[in-house]
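Thanks for coming. I have one structure to show today, so please look at the screen for a moment.

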Amino acid sequence: SPSDPDLVERARAARAALGERAFVLGHHYQRDEVIDFADVTGDSFKLAREAAARPDAEYVLFCGVHFMAESADILTSDAQQVVLPDLAAGCSMADMAEIGQVEEAWAVLQDVGIADDTVPVTYMNSSAAIKAFTGRHEGTVCTSSNAQVALRWAFDRVGGVDGTGKVLFLPDQHLGRNTAVLQLGLSLDDCVVYDPRKPRGGLTEQQLRDARMILWRGHCSVHGRFSVRNVEEIRAKVPGVTVMAHPECKHEVITAADEVGSTEYIIKALDAAEPGSSWAIGTELNLVRRLAKAHPDKQVHYLDSTVCFCSTMNRIDLPHLVWAMESLVEGRMVNRIVVDADDAHWARVALDQMLALPG
Ligand code: 13P
Ligand code: SF4
């Protein structure tokens, strides 16, 4: 629905008053009313790089979710302050891996005698504490746009993809499995799912020893809703449609789709698409709606027929953004995201490792 004109006016005034002191980052899943005020939009990888590249901004307003704002705090200088306009904008996937559980899992790998042969790789969608765990154990962070390179790098540290070394992949089992199987050529049998609620992750010692990918039992509730049936239905309805989905979708959905990629990849693919071509997109709805609007010469469908917003991304709305900006204009710091120094140090090691990956 169109935003309240008074609120839009207040947003413009507050943004102008902050000027260069502030930099506003907007993730692709944000509402249009928020994206309108973003200085830069991007996927989580691009936004991490953009945050690191703005040393002059006193305030970094992060319109996205909590783990992204934490990463921005880690990658910016101590003098810069990162603000998340609504502190309730978390991520249910990131919440599926708690640091205590991850440390317990690592102790299990040590007991079984495979920890020295295992490299942790954590998806950006995780708490700073888990990124710090990854840094301490000489692993790397990855995002959906560089998971393949990150996994190759990790396997190379323990004898290569064709060797016997392992990756502990946190916390999204689907991104881990999709990348390992479809891009690295591992088999589904090489992957096991570690369930933190069960003793030894619900796995036998033999299963842990034989595995190449130990996948944390986490998933995205938004992308987890797309099904193979959705793919079949859209193919029946729209002949010639190209189905493109985010790698957080289930393995069978990705296998049934034609293309897989991060939000930034999806945007670029549509920019390059032929006029008149038809697309069905399996990712969050704010982005798909914006793509449909941006490409009136192409048919852009949503892969599911039901509404599928990310409810936590949607918590950042224009009222929250206006409140945060007006508070800063009045000299009041609100909703600052600060990662404690020790976690920030080790999380930065893992984030810098990601930023140093080739490509
Ligand atoms: P991207 O890495 O594509 O930005 O995705 C982030 C995310 O939260 C997807 O659910
Ligand atoms: Fe987290 Fe999924 Fe929302 Fe992305 S779409 S922020 S993974 S809940």
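I will go through an annotated site, then the core, then one central stretch of strands.

This is a predicted model, in which local features need pLDDT of at least 70, side-chain atom pairs count only at pLDDT 80 or more, and totals for chains, interfaces and linings use all residues. Residues are numbered from 1 along each chain as its sequence is written, and chains are lettered from A and ligands numbered from 1 in the order in which they are written.

First, the site. An unreviewed UniProt entry places the feature "binding site" at Cys 91, Cys 220 and Cys 310. UniProt positions are in the numbering used here, feature names are shortened, and annotations may be inferred rather than shown by experiment. These residues span 220 residues in sequence, yet no two of their C-alpha atoms are more than 9.4 Å apart, so they gather at one spot.

Cys 220 lies in the loop between strand 9 (213–216) and helix 10 (228–237). Helices (H or I, at least four residues) and strands (E, at least two) are DSSP runs numbered from the N terminus. Is Cys 220 buried or exposed? Cys 220 is buried, because 24 other C-beta atoms lie within 10 Å. The cut-offs are 20 or more such atoms within 10 Å for buried, 12 or fewer for exposed, and partly exposed in between, with C-beta atoms placed from the backbone. Setting aside neighbours within four places in sequence, Cys 220 is in contact with Met 93, Asp 172 and Glu 248; contact means C-beta atoms, placed from the backbone, within 7 Å.

Cys 310 sits in the loop between strand 13 (299–302) and helix 14 (318–329). Cys 310 counts as buried, with 24 C-beta neighbours inside 10 Å.

Next, the core. The largest nonpolar core has 114 residues, and Phe 62, Ala 245, Ile 281 and Leu 321 have the most contacts inside it. Such a core is a set of buried Ala, Val, Leu, Ile, Met, Phe, Trp, Tyr and Cys residues joined through C-beta atoms within 7 Å.

Last, strand 12. Four of the five residues of strand 12 (residues 278–282) are buried, so this strand is largely enclosed by the rest of the structure. Strand 12 pairs in the parallel sense with strand 10 (residues 242–245) over four bridges, and with strand 13, also in the parallel sense, over four bridges. Pairing requires at least two DSSP bridges between the strands. Ala 280 is the bridge partner of Val 243, and Tyr 302 that of Ile 281.

Methods
Contact = placed C-beta atoms within 7 Å.
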